[in-house]
Amino acid sequence: MDHEAPIVENAFGIPWLDFNLSNVTMVLVTSVIVLVLSILGTRKLQMKPTGVQNFMEWVVDFVKNIINDAMDWKTGKMFLPLGLTLITFIFVSNLLGLMTIVEFNGNLWWKSPTADPGVTLTLALMVILLTHYYGMKLRGPKAYFKSYVEPFPALLPINIVEEFANTLTLGLRLFGNIYAGEVLLGLILTLTTSIGVFGVFGFIPMIVWQGFSVFIGGIQAFIFTVLTMVYMSHKVTSDH
């Protein structure tokens, strides 16, 4: 795991603007894969779905259940596209680094984008901002901000700290699990390429860990989506 990230510093002549080309590339790759899956799942709709359509319909029902557990469907149905996008994007992102890694001139170009805290914290920040936006849109700015000081005005600092904590935990939980999985895969890969009997026996735990990492990737996509809908429910309804 001794590698660097391909960073473009001072992009467009702006001193504080840096680009991680690996993250940009992998986010684009993930987006294309999710788009292709969505197109394949809806291109030839059938009454008795098969193949990709059957899988995508299962994902839709799965996300519907997540939303129904967090809030009533009358309010929650508008968040179905958000939930579908998050769970598919994050799941695909989590798996990309399990298939292979591509390193060139000491820079790691192919990896799971969710193995970078910049990507996961950006996703978390986007979710938190969306919860605020829809909270004000559905409840009105006055009622929304009033909820921060009810039942006691002294709760305002606690509620503000909670917003920062939610952003950090949402993003860092995803990053930590995926990054740790890729680090361990790198260590096992080193073992499999070593000389002697250790290389033979190292291949087995690598396959086992890859299978386990697929499970972890799915669980983390599920958890991120569930927490997003729970946070959204807290903002758009007055029952919490």
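Is I223 buried, exposed or partly exposed?

First, some ground rules. This is a predicted model, where local features need pLDDT of at least 70, side-chain atom pairs count only at pLDDT 80 or more, and totals for chains, interfaces and linings use all residues. Residues are numbered from 1 along each chain as its sequence is written, and side-chain values use heavy atoms, with hydrogens and water left out.

Now, back to our opening residue. I223 is partly exposed, at a relative accessible area of 27%; buried means under 20%, exposed over 50%, and partly exposed in between, with a 1.4 Å probe and protein chains only. I223 sits in helix α8, residues 197-236. Helices here are DSSP runs of H or I with at least four residues, strands are runs of E with at least two, and both are numbered from the N terminus. Between I223 and L170 there are 53 residues of sequence separation, and their C-alpha atoms are 9.1 Å apart in space.

Staying in α8, please find Q220. Q220 counts as buried, with 7% relative accessibility. Setting aside residues up to four places away in sequence, Q220 touches N94, R173, L174, N177 and I178, where contact means heavy atoms within 4.5 Å.

Let's move to helix α1, which holds N23. N23 is buried too, at 11% relative accessibility. Beyond its neighbours within four places in sequence, N23 is in contact with K111, D116 and V119.

How do α1 and α2 meet? The axes of α1 (residues 21-42) and α2 (residues 51-70) come within 7 Å and cross at roughly 105°. Axes are lines fitted to C-alpha atoms, for helices over the stretch in contact, and angles run from 0 to 180 degrees between N-to-C directions. The two helices are therefore roughly perpendicular to each other, a label for angles of 65 to 115 degrees. On the α1 side the contact is made by L37, S38, L40 and G41, and on the α2 side by V52, Q53 and M56.

Finally, which residues of α2 are buried? They are Q53, M56, V59, V63, I66, I67 and A70. These residues cover an arc of only 140° around the axis, which puts them on the same side of α2; the arc is that of the directions from the helix axis to the C-beta atoms. The face turned away from that buried side carries the exposed residues G51, W58 and D69.

Definitions and conventions. Angles under 35 degrees count as roughly parallel, over 145 as roughly antiparallel, 65 to 115 as roughly perpendicular and the rest as oblique.
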